[in-house]
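Work through the exercises below with the sequence and the model open. Each task is followed by a solution in steps.

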Amino acid sequence: MPAVVMEAVTKTYRGRRGRPPQKALDELDLLVENGGVHGFLGPNGSGKTTSIRVLLGLVSADAGTARLFDRPVPDALPEVIGHVGALVETPLFFPNFSGRRNLELLAEVAGVPRTRVDECLDIVDLRDRAGDRFKGYSLGMKQRLGIAAALLKHPRLLILDEPSNGLDPAGIRDVRELIRRLGRDGHTTVLLSSHLLAEIEQVADSVTILTRGRRVANGPVREVLAGRSTHDVVIRVSDRESAGAVLQAAGFGLSPFDDVRGPALAVHNVQAPGEVTRLLARHGHYLEELTPVHADLETAFLAITGEPA
Amino acid sequence: MTASVQHPPAEPLQELPPAPRGSLVKAELHRFRARRFIQVLAGIGVLGWAAAIIIGLFTFGTPTEADYAAAHAQVDRIIQENETYRQECLDDPPSDAPEGVPAEEVCGPPLTEADIGGVESFLGKAPFDLAASGTVGAVAFAGLASALAFVVGATWIGAEWSTRSIVALLFWAPRRMRVMGTKFGVLVAGATVLGIAAQVGWLIMAGILDAAVGTDEPLPDDFWGSLLQTQARGVLLVVLAAVLGFGLTSIVRNTGAALGIAFVYVVVIQLILGNAKPSWSPWLLGTNAAGLVMDGGVRLMFWDKVDYSADKLGQPVEYYLGNLQSGIFLTVVAVLLVGLGTVLFARRDMH
C-alpha cells in the first residue's frame, strides 16, 4: 500500500484582477511508496506546494484522484490525518503564545499526550527556548518548531515543504540527519519537497521531478541520475599532451583542464572506461587516475526540466 | 521516465483511536482564555468597572433635610416664576400667535416638578436612585459589552486568518464545518459569559451605590422582573454582537477590514442615513439593537413620512419597534453572515 498516490490531478486557480487563470497541476501523477525519503523536486511555481495542499485537503482538485494510505482524500482525510504530519511552507502558529503552548494546543486537538510535546521539542533541539513567545523566534527556530509540530502525531507520513528554509548550516545538517533517520526507522515515510537539489540528492531514496504541474521523471535517485549519465571520465597521466594525442587519434573528444591536483584530461563519450586504459597502456601511458564523471541531480534536473530550480 | 522503488514492507496502517471527545472544544476554549487580547480586555473592563463605582460614589451623595428643603425651595421658585410668565401670556397672548389657537395652547400648561427633572436635579449631590437607574444602567452595560463583544468576535476568527493558524489547525482537524462550528460555539459561550459578567457587574455596582448613597424610596413592585428581563435581553445583544463580528470577519478574512466596515456602517449608514431617512431605521442594526434591549422596545418617528390623515394632520408617522421584532431581525442578520462565512470557509482553497 503506497503512502501517497496522485493520479491525473489537475488544478487551475481562477484568475484575479484581470490575470488569466493559472494551471498549477496538469494531470499530475505521484507515487510515494511506504518507507524511506521521497524527494519532490521542481522549479518555483511547478506545483509542489499545490500538490501537498491537495493531499492535505486544503485545496480542491478540479480533476483526478488523490489517496493517502489507500484512502481517498479529501473525503477520507479524517480517517488518515492522524497518521500524517505536515509542515507546509512557513510554520503557522499564534505569535503571542510560546512555542510550547502552541504545540500543547495542537496536541490537545488530536489527543496526543503532553509528554510527546517535550519529546518533539527535544528532537528539534528547542526545549530550552520552548517558553519563549513564537514571535520572538528566529526564522530557523520557527522552522524547527514547525517540524516539531509535524512530528507530534508520530506520523506514518511526514510531509515537509522546504524544511531547511531559514536554518543555519548546523540546523540544515541536523534536519537532514533527522530526515534520514526518520526515513530509515521503518515507520515513517518522508515526502520532502525542496528546491535544494543537493538536499534531495543527499537524503532522498527516490525522487519525483515536476515542471509546470506535470511529472517529468520519477524513481530512485540513482536511476534518475543513471538515466542522465555523462559517459565522461577524467584521467591524469604524467604526459598529458602525448596521451591526449593518442586518445584523439582514436576518436575520443577531449577537454584538458587544470585543478588543484594538477593537469587533467576530461575524455568524452567513453562507453567503457577499460578502452581508455587499454589504449593508453598500449602506447606506454600508465594512468595515475581514472574517474567516471557522474551526473549530479542538478545536471539531471536541468536536462529534464530545461529550467533552473 | 519512470522507475519503481523497492522498500521493505511497511507495517500495516493501524486504525487510530479517535481523539478524545471534545478535544477540539477543549483546545479552543484554552486558546480563547489564553488570548492576550481577551485577557487585556477583561483587565480593562474590571478597571473601568471599579473606576465607575468610585466615580459613582463621588457623584451621588446623601443629602440632608436642609439640602432637600433648599432644593424644594428652588423648584418652587422656578415653578412660581414660570406660572407668573404664563399668566402674563394668558392675559396678553402674543400677537404672532396663530389665529384660532386657544391661549391655553399658545402659552402651554403649568410647569410641574417632573418637567424640570424633579427635586433631585437641584441637589448638589443627588442620591443614587436604583428604581430610575436600574434598567438604564443595564442597557448601558449591555451596549458597552456589545461593542467589546463585536471586537472579540471579529478578532477571534480574524487572528486565525492573519496568522493562518486556521490552516495549520486543518492539518489536525480536517472537518472544516466542525472546526468552524467549534470556534463559533466557543465564541458564543465566551460572549454569554461576557454579557452575564457585564450585567452582574452592573448589579454589584448598583448594589454598592444603593447601599452607600442610595435613596430611601421603596422600589416599584415590578422593578426586579423588569430589570432582569432587560438584563437577559442585554446578554442576548452581547452574544449577537459577537456573532455579527465573527460572521463579518469570516467573510472578509481580515479583522481590520471587518472593523473598518463596522465603523463605516455606524458613521455612514446608521447615523447619516438613519437621520436622513428615518423610515429606514427599522432596518438598521443600531436601531434594532436599541429595540431589542430597551424596556418595551423603541418608538420611532418617521419625520420623512408625514401622516396627513384627518386626525393626525401633519404629524410624522410613528413606528413601534418591539423587543421580539428587533431580536428576530438581528438574529436573521447574524445567521446570514455566519452562514455565508461558513459556506465560504468550507469551499475556499486554503493558502
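**Exercise 1.** In which loop of chain A does A:R19 lie?

*Solution.* A:R19 lies in the loop between β1 (4-13) and β2 (22-32) of chain A. Helices (H or I, at least four residues) and strands (E, at least two) are DSSP runs, numbered from the N terminus.

This is a predicted model, in which local features need pLDDT of at least 70 and side-chain atom pairs count only at pLDDT 80 or more, while totals for chains, interfaces and linings use all residues. Residues are numbered from 1 along each chain as its sequence is written, chains are lettered from A and ligands numbered from 1 in the order in which they are written, and side-chain values use heavy atoms, with hydrogens and water left out.

Next, take the accessibility: A:R19 has a relative accessible area of 65% and is therefore exposed. The classes are buried (under 20% relative accessible area), exposed (over 50%) and partly exposed (in between), with a 1.4 Å probe and protein chains only.

Last, find the partners. A:R14, A:R16, A:R17 and A:R19 form a positive surface patch. Patch residues have over 30% relative accessible area and no salt bridge, and like charges are joined within 9 Å. A salt bridge is a side-chain nitrogen of Lys or Arg within 4 Å of a carboxyl oxygen of Asp or Glu.

**Exercise 2.** Which residues form the negative surface patch that includes B:E217?

*Solution.* The patch consists of B:D76, B:E113, B:E120, B:D216 and B:E217. B:E217 is found in the loop between α7 (176-213) and α8 (223-252) of chain B. Its relative accessibility is 60%, so B:E217 counts as exposed.

**Exercise 3.** Which chain A residues other than glycine have a positive phi?

*Solution.* Start from the background: most residues other than glycine have a negative phi, and most peptide bonds are trans.

- A:D70 has a positive phi of about 70°. A:D70 sits in the loop between β4 (63-68) and β5 of chain A, and is partly exposed because its relative accessible area is 44%.
- A:R212 has a positive phi of about 50°. The loop between β9 (206-211) and β10 (214-220) of chain A holds A:R212, which counts as exposed at 60% relative accessibility.

**Exercise 4.** Which residue is joined to A:P74 by a cis peptide bond?

*Solution.* The residue is A:V73, and omega is about 10°. A:P74 itself lies in the loop between β5 (71-73) and α2 (77-80) of chain A.

Note on methods. Patch = residues over 30% accessible without salt bridge, like charges linked within 9 Å, V, L, I, M, F, W, Y side chains within 5 Å. Areas by Shrake-Rupley, 256 points an atom, 1.4 Å probe, with all protein chains shown as cover. Lys, Arg positive; Asp, Glu negative; His and termini not counted. Charge placed at Lys NZ, Arg CZ, Asp CG, Glu CD.
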